[in-house]
Amino acid sequence: MRLPLTYSAVLGFAALTACQAAPQKSVNSQASLCKTEFIILGTAQDAGAPQIGNSEDPAWRDSSLRKLAASAALVDHKSGARYLFEATPDLREQLFLLDEMAPIKNTEPLGISAIFLTHAHIGHYAGLIYAGHESAGTKDLNVYAMPRMTTYLTQNGPWSQLVNFKNIALLPLSTGTAAILTDDIKVTPFQVPHRDEFSETVGFEISAAGKSALFLPDIDDWNQWESKYGQTIEARLAAVDYAFLDATFYDDNELPGRDMSAIPHPRLKGSMDRFDALPKTERAKVRFIHLNHTNKARFENSDISKDIKQRGYKLAQQGERYCLD
Ligand SMILES: [Zn+2]
Ligand SMILES: [Zn+2]
């Protein structure tokens, strides 16, 4: 089945926030039309928006402006398996949102068959803390991680306790090698250049029977990806139907008083300039995610948001569902 549009827009999901997670029943019946879904559970940079210490941010008083940390779920409606991409500090709300959108139909811990982690920065793995005894106390919750990430979790508290108490069960990932989830569904990590203090960093290519998606919330630089790891964003984009890409900052004027050259990440503006050379069909695959709280693109009515849309790109929205059949 081919659903060219994310049907979230049709069903009015685009504006869902943590405080408004009240999906209609029709959504679940709609979901049953689709065998494999990719669901967006958050679009913000690690620390979410609004961020701590920014009491003037309008999102503190208008919950519709709040954004959870970048995360997504893959749902195999045939088997009932649900997979998470990232365990963010917003995991509690994100799992509730997922439970509402794609209710638990399996016996795995928290109804999650596995969590895939990109790297050891707070927005991407700190939610693992909820697997521990003080919270869900899960038994063998599967967590896929790269080698350095695995060592980091195994050798440093509090994560090591989750491993020792078997709250989580670590499963290995290797760059460029697919984790085969079913005959139709596979997840392939691709290592990317990033601030790798504790772990390496990967993006994931998720492919189902019909379609595929690239989930790449954090990368330092598109050119470095090629020089260090032999990958071009254009080639990876060509290989998928949807690409959820790092758009942490819009440009270099975003953090007054801070030297932004010391803070890598492709700037959203620069990425668009680069992708403008691509055919319209390629540009249409791009969904920007991982927006810092300072990035004006997080506000739907900002001039920047309008410019992004006019140029043929999209901003991913929490609660969006993509059919990968
Ligand atoms: Zn991040
Ligand atoms: Zn990071």
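Predicted model: local features only at pLDDT ≥ 70, side-chain atom pairs only at ≥ 80, totals over all residues.
Which side chain meets that of Arg321 in a salt bridge? In this model, the partner is Glu37, with 2.7 Å from N to O, where a salt bridge is a side-chain nitrogen of Lys or Arg within 4 Å of a carboxyl oxygen of Asp or Glu. Residues are numbered from 1 along each chain as its sequence is written, chains are lettered from A and ligands numbered from 1 in the order in which they are written, and side-chain values use heavy atoms, with hydrogens and water left out.

The salt-bridge count comes to twelve. Another joins Asp273 and Arg311 at 2.8 Å, N to O; Asp273 lies in helix H9 (residues 268-275) and Arg311 in the loop between helix H11 (303-310) and strand S13 (314-315), so this pair ties together parts that are 38 residues apart in sequence. Asp273, at 44% relative accessibility, counts as partly exposed, and a network of salt bridges links Asp273, Asp276, Asp307 and Arg311.

Now to Asp46, in the loop between strand S1 (36-42) and strand S2 (71-76). Asp46 is buried yet has no salt bridge, and the nearest side chain of opposite charge, Arg195, is 6.3 Å away, with Lys and Arg counted as positive, Asp and Glu as negative, and His and the chain ends not counted. Arg195 itself meets Glu197 in a salt bridge of 2.6 Å, N to O.

What does the side chain of Asp46 make a polar contact with? The partner is the side chain of His124, at 3.1 Å, a polar contact being a pair of N or O atoms within 3.5 Å, where within protein one must be able to donate a hydrogen and the other to accept it, and residues adjacent in sequence count only if both atoms are side-chain atoms.

In helix H3 (residues 91-101), the buried residues are Leu91, Gln94, Leu95, Leu97, Leu98 and Met101. Seen down the axis of H3, these fall within an arc of 160°, so they line one face of the helix, the arc being that of the directions from the helix axis to the C-beta atoms.

The largest nonpolar core has 30 residues, of which Leu98, Ile115, Leu117 and Leu128 touch the most other members; such a core is a set of buried Ala, Val, Leu, Ile, Met, Phe, Trp, Tyr and Cys residues joined through side-chain atoms within 4.5 Å. H3 gives the most to this core, with five residues, and a second, separate core of 29 residues includes Ile40, Phe116, Leu181 and Ala208.

How values were computed. Helix = DSSP H or I, 4+ residues; strand = E, 2+ residues; numbered from the N terminus. Buried < 20%, exposed > 50% of the residue type's maximum accessible area, 1.4 Å probe, protein only.
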